[in-house]
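Subject: Structure handover, side-chain contacts

Hello,

Please find the structure below. My notes on its side-chain contacts follow.

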Amino acid sequence: MAQAVLTVGKAKTWSVPDWRPRRTTVLAFALLAPSLLFLALFTYWPVVQVLWQSLHGQVRVGGPQAYVGAQNFLKLFADPAFRKALANNLVYALGTVIPSLVLALGFAMALARSSRVNALFRALFFLPVLIPLVAAASIFLFLFLPNIGLIDYHLAKLAISGPNWLGDPDVALWSIMALTVWKNAGYYMLFFLAGLQAVPADAYEAAILDGAGPWQRLRYVTLPYLKPTIGFVLVIGLLNVVTQVDHVFVLTKGGPSDSTNLLLFYVYQQAVENYDAGRAAAGTLVMLALLLVVTASSLRTLERSFGEKDA
Amino acid sequence: MTTTRRSVLAGAALAASFALQPAFAQAPTEIELFFPVPVDGQLARDMATLIKEFNEKNPTIKATPVYTGSYDETLIKTRAAMKAGKPPAAVIMSANFLLDLKIEGEIQSMDALIKADGKTNDQFMGQFFDALHGNAVLDRQVYGVPFHNSTPLLYVNTDHLKEAGLDPDKLPANWEELVTTAKKLTKRDGDRVTRWGMMMPSNYDYGGWILQALTQSNGGEWFNVNYGGEVYYDTPSMLGALTFWSDLVTKHKVHPAGVQAGGAVSGAFLAGQTSMMLLSTGSLTHIRNNAKFPYKVAFVPKNVRNAVPIGGASLVIPTGVEGERRKAAWTLINWMTAPEKSAWWSRATGYFAPNKAAYDTPEMKEFIAKNPDAGIAVKQLDVAKPWFATYKTVPVRKAIEDELAAVLSAKKTPKEALVAAQKQADEIMRPFVEQTALKLPTN
């Protein structure tokens, strides 16, 4: 049907005489129509629904949804579990994005030159990316098992008893962060490999002639050229931090004592366990706002860094 | 042009399908059954076998089993289906969700259906173990029919008992004996523990259930069985239970610190890394099939009295299922919970058969004679009590489970934890309490 409408629209615009200034606009919209329709149905309409839901809640127990104004948001910010999830998400963001970035850059620089051995290592480092997060989490569930898990098994050989990886509130979030770094570093490496190809060889030559050591070359040649890549990977990394909680779901369900609860999982808990659609919607909107801020500011830095390079 | 022709054709087909609908009226009533699999994959196949047999025996009904994941996911999917206006005709629902569903008006009373069969509610429920009534009969109306059930149970590796010079026929029956036995069974290599004396699962869902078992064994109730707005977290019986668990970790050092997941506990037991554990009777088949050593089971050790909560699931009919579909659902529910099928399902899964008469069938008698551990598990039903269920059961339970985790990780004292949990739970239940127990005549 959509196709039919499209062809009809096209035919019309072709037959329209030149004096109509909006010809190209009509054509553009006609071409965009199919994806706009689906975006509207599956993205914009749900956003509107979430907006509506965030202002509604159950007033009478067992009753219908009624307008409650900003109450959902007030309750959300008053909930210590939400604040905990927000703080956890911050630690999680810093503790996963930065190490994965550093590791990825290291891998990429070590494997930048094409050779058979390097190709093999690239494939090995990239392997975790191919495993879905849920599957990876299920594997780590066995690695992290206290006493009988693979990690504790090897530690026991060294006569060390490991902590309760997922069951200790002080350790659990770090275990999950380690899994995330393992999962993402290989992916980011790919971008850095591509980015490194763009660093001109004569820039290095010039640096060497000027007597720059390896650190200086990294600091004054490689990193400036990689700025756009770093910016891009940063955006991807921060988006992942907010939008991926599969491993939390599989490994800890946000526990123990909310120590691994992240924003998205908190929203899930409100919607499903607490059956409070209003607060879940409010949480979603807060998350969405955070995502927009992160994306907008990173994209601006990204553009600026592109600009710098051009100048 | 093609568009018009196509749409005409489509329109004609649509019209034809409407016109033909009355002709299908004589076809079997189609119903769906949502079922969770909390234990392992084999059950999904067993369920398909069961429903296939039902369809063959009841040609006027066509039931389709729909696998809906875990207990929690089944709740989510049922609610989603209801929101979409297409409630499944019957659902196997975690028994402690029934109260919440009733409060939200999402499941229907089965009283009229029972009456139409010429029975009273008491006659109908009389076929099931008494312990199961509390989670199925709400406000004296039947909202669920017990399908498969469990209780916590003490599992002991008897090889370890012998090795420690203990009598393998005498399992710990009270907390005192549990501690002395666990101390003898715990093995250390310097500071490192190589074998724990005792393990209990404390992950979400499981932890609350086990703590309820300890509380009830300590004379407590955990929650108000008759009213969904009260829990007794900050009470002596609960303080004793939580302190006991915490002592096993920090004082006696026979139980690992932090949260232990159910799978980690059964895994450690099967690997010989813990000598005793409290786990669901629903794991009995799994342990029986995988233990490479002799083990025995016993009642959950008591401090004040023998008492445990039930677990498991009941069959419910969602609101909005009417007419023929409702009748068909009722036929299916009765068929699935009759003694013979109940017994078959119990043997296949390891859960109890809730129907008492199931244990009078010859197959079941033979099975119990061959597996005395299953017999002990059933006997514990005599002292079993309802599973905690309140307004918003899951968050109210999470309130105490988060504190339990803090205590087991030595972050809080039991008393601090219970005060915090009580406050949190009261806060969650406040809207319900304000609209029920605290809603008083104003003039």
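**Contact between chains**

B:Lys398 and A:Asp258 are both buried (under 20% relative accessible area, with exposed meaning over 50% and partly exposed in between; 1.4 Å probe, protein chains only). Their side chains form a salt bridge at 2.9 Å, N to O (a side-chain nitrogen of Lys or Arg within 4 Å of a carboxyl oxygen of Asp or Glu). The pair crosses between chains, with B:Lys398 in helix H17 (residues 393–408) of chain B and A:Asp258 in the loop between helix H11 (246–251) and helix H12 (263–273) of chain A. Helices are DSSP runs of H or I with at least four residues, numbered from the N terminus.

The model is predicted: local features need pLDDT of at least 70 and side-chain atom pairs count only at pLDDT 80 or more, while totals for chains, interfaces and linings use all residues. Residues are numbered from 1 along each chain as its sequence is written, chains are lettered from A and ligands numbered from 1 in the order in which they are written, and side-chain values use heavy atoms, with hydrogens and water left out.

**Other salt bridges**

Over all chains, the structure holds 25 salt bridges. Helix H17 of chain B also carries B:Glu401 and B:Arg397, four residues apart and so separated by about one helical turn. These two side chains meet in a salt bridge of 3.3 Å, N to O. B:Glu401 is buried at 2% relative accessibility, and B:Arg397 is buried at 4%.

In helix H18 (residues 414–435) of chain B, B:Arg430 and B:Glu434 are likewise four residues apart. Their closest N and O atoms are 3.7 Å apart, in a salt bridge. Both are partly exposed, B:Arg430 at 43% and B:Glu434 at 45%. A network of salt bridges links B:Glu53, B:Lys57, B:Glu340 and B:Lys341.

**Rings**

The whole structure has 28 aromatic pairs over all chains (ring centres of Phe, Tyr and Trp, its six-membered ring, within 6.5 Å; planes under 30 degrees apart are stacked, over 60 edge-to-face, the rest tilted). A:Phe107 and A:Phe125 are stacked, 3.9 Å centre to centre with 10° between the planes. A:Phe107 belongs to helix H4 (residues 80–110) and A:Phe125 to helix H5 (residues 116–130) of chain A, so this pair ties together parts 18 residues apart in sequence.

The charged end of B:Arg79 sits over the ring of A:Tyr275, 3.3 Å from its centre (CZ of Arg or NZ of Lys within 6 Å of the ring centre and within 35 degrees of the ring normal).

Regards

Technical notes. Helices (H or I, at least four residues) and strands (E, at least two) are DSSP runs, numbered from the N terminus.
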